[in-house]
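Here's a quick tour for anyone opening this one up for the first time. Take a look at the picture, then read on.

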Amino acid sequence: MQRLRAVTGGILKRVEEQTGKSIQFMRDEQLSMLATLQIARNGADFHVLRYRPSNEPLDYMIAFQAGFVLRLFENEPSQRFDFAPSPTAGGYVEPLLAVGQALGPADKNALPEFAKFVAQWALMNLRSLPIGMRIDCWIATEYPELNELQRASIALQQQQNVDLLSYKLGKLTIPTPLMGAIAAYAVFADRMTDCGTFAIPYEAAGLQGQGRELMRLWGELPADAENDCQLIDTWAAKVGMSNWYTWIPYRP
Amino acid sequence: MSSQPTSFKLPLSKFDINLLPADARRIGSDAFKLAVSMHFATQYAAKGQQALVSVDDEEVQVLTLPAKSNPLEFVLSMLQSGRIKEALPYLESMGKSDPNNVQVLYNLGIAYSELGQFDEAIIRLKRAVQLNPRHAHAWTGIGVAYQRMGKRELALEPMQKAADADPTDGYSRRNLGAMLMGLQRYDEALAHLREARRALPHDAQTLYGLAAALEAVGGDISVDEADELYQIVIQRWPGSDVAERARTARTKHAHQNMRLRVGGGLRPDVMMYIADALDTFDKVGPAKAQQIAFEIAMKGQQGLDINDPDQKYTLNTLPGKFSGLHLVSIMFAGMKALDPNMDPGIDLKAEYGAAMEMRRK
């Protein structure tokens, strides 16, 4: 893989020291993201860092992924949990999709699959955005060498998120209440980058209040890793997703 | 602050109307559209950016750019990269805020024309030439739009006005020349295409158009010049559509010449070439015959001069030296032997039939 910056090497070393396992690099042309870090489990001797060959620097993405591993292992073993989405989460989305509009036969046919897709997307945001913001703060503070890459990555993510405001399949669109997490992330991105424009589309969509409220909750809880599960639960309660997942004890 | 252009769309049904003045909250009304545009423009301006906002009956589209950038330049780059549909709402937005901007009107007209919305195109382009009667490209755009609509009778006048507006503009001359060719006004077409070539000496369409006009006007000198131009097009732009048209024109012309030399009747030399070729094919077998025919066909891509009796061609698959007509005859025989329905691109059927008859006897 391309040469990583010294600072990124240092972060990966920290992962190895904290978890007691080494990291193996694996090239993956099919990867949808630039890089992922899979924790060693079920007796595996090493973590796997998959990366997609690219001219773009991978350092920030690797640091970001490593942040999730480090935060998990900062907790005592008994306090480590896996986020387990409910297989029936799509069922919670269906009524939200159908509310206030008469759906034709094609939309009705597409409804269950679209609901499943939206549920997965919303759960992924719930799991990754509030903790991801903690990690972004950590990177910004401790690794200023990565700031430029971080800002570029945040801007790219913002563009991808804002495209979802107009995403639709037939008459089906992503329900507004489930957009709160990305609205909060836009508020956060404005603060992190001094841009000030990422939240404008969400304000126009009437989502900024929800985004700010989630950010308020995010700010009220201590930033330590031991509060990560509680942070996610708090957001879930606020956006009505408490029943959509469970926590199961982490098994190495 | 983000220095990259960003864009997003928002369905009108999702827009928070509480952000708008009370008298502008009826979705879809002009007051609503204006207020939405103003909302985004001021929001982004407050953060040191500019926003191009387009509101239609279903959604609002916003393109944000750094304050110091030129929005038109950015939108033109979208057009140049083929993102015409995407660029159109932003051009419309610019047209609304600056209705007398000729450059915006011209590009709107061309964009609509490319999308097949000719009425919309003509409205914008006519407004552009009303504001600037010397805008040759806008006049040409009107003519092209009429032509694409099938209204040839209306296309000529704007194209002539384009050439009058800027007699040095090769693009206008080329289009007018092509238009006149279509009307069979070859002498006039030729004059404009000669001017076009002066301005656009390296433009394949211009060279091809000029060649076609020369051929249409006729006369030995013109036809020779036409043939030279066709050859230039074939050599400089191999594989292009225009090269293929040039090749077809040359073949057709050569074929006509060949027949003229014998008063339109059978060419005994061709008949003999074909009969010899068929004998050779019998000896070497079908696989080798196919190789020979294909080698000649490949050579023919660069053009074979069938009116020159000199034996100036050689083959890897067959010993000896050959004239162009000889090679074409061998190729014809080879292809017909492989597949009687194949079109070898030149009509030697009569000679082929006579050769077959002669061999049977």
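Let's start with chain A of this predicted model. Of its 252 residues, 36% are buried. If you take the contacts in chain A between residues at least 6 apart in sequence, 71% of them join residues at least 24 apart.

Now for the place where the two chains meet. Here 15 residues of chain A are in contact with 19 residues of chain B. On the chain A side, α5 (147–162) and α7 (200–204) each supply at least two of the residues that touch chain B. That side of chain A splits into 8 nonpolar, 5 polar and 2 charged residues. For the complex, the predictor gives an ipTM of 0.86 and a pTM of 0.67.

Over to chain B, where the mean pLDDT is 89 and 98% of the residues reach 70 or more. The two ends of the range among its elements look like this:

| Element of chain B | Residues | Mean pLDDT |
|---|---|---|
| helix α5 (highest) | 118–131 | 97 |
| helix α12 (lowest) | 241–260 | 81 |

One helix of chain B is worth a stop: α7, residues 152–165. Its 14 residues reach 20 Å from first C-alpha to last, close to the 20 Å expected at 1.5 Å a residue. Which residues of α7(B) are buried? They are B:Ala155, B:Pro158, B:Met159, B:Lys161, B:Ala162, B:Ala163 and B:Ala165. What covers these buried residues includes α6 (136–149), α8 (170–182) and α9 (186–199) of chain B.

Methods
Residues are numbered from 1 along each chain as its sequence is written. Chains are lettered from A and ligands numbered from 1 in the order in which they are written. This is a predicted model: local features need pLDDT of at least 70, side-chain atom pairs count only at pLDDT 80 or more; totals for chains, interfaces and linings use all residues. Helices (H or I, at least four residues) and strands (E, at least two) are DSSP runs, numbered from the N terminus. The expected span of a helix is 1.5 Å times one less than its number of residues. A residue is buried if 20 or more other C-beta atoms lie within 10 Å of its own, exposed if 12 or fewer, and partly exposed in between; C-beta atoms are placed from the backbone. Two residues are in contact if their C-beta atoms, placed from the backbone, lie within 7 Å. Ala, Val, Leu, Ile, Met, Phe, Trp, Tyr, Cys and Pro count as nonpolar, Asp, Glu, Lys and Arg as charged, and the others, Gly among them, as polar. pLDDT is the predictor's confidence in each residue, from 0 to 100.
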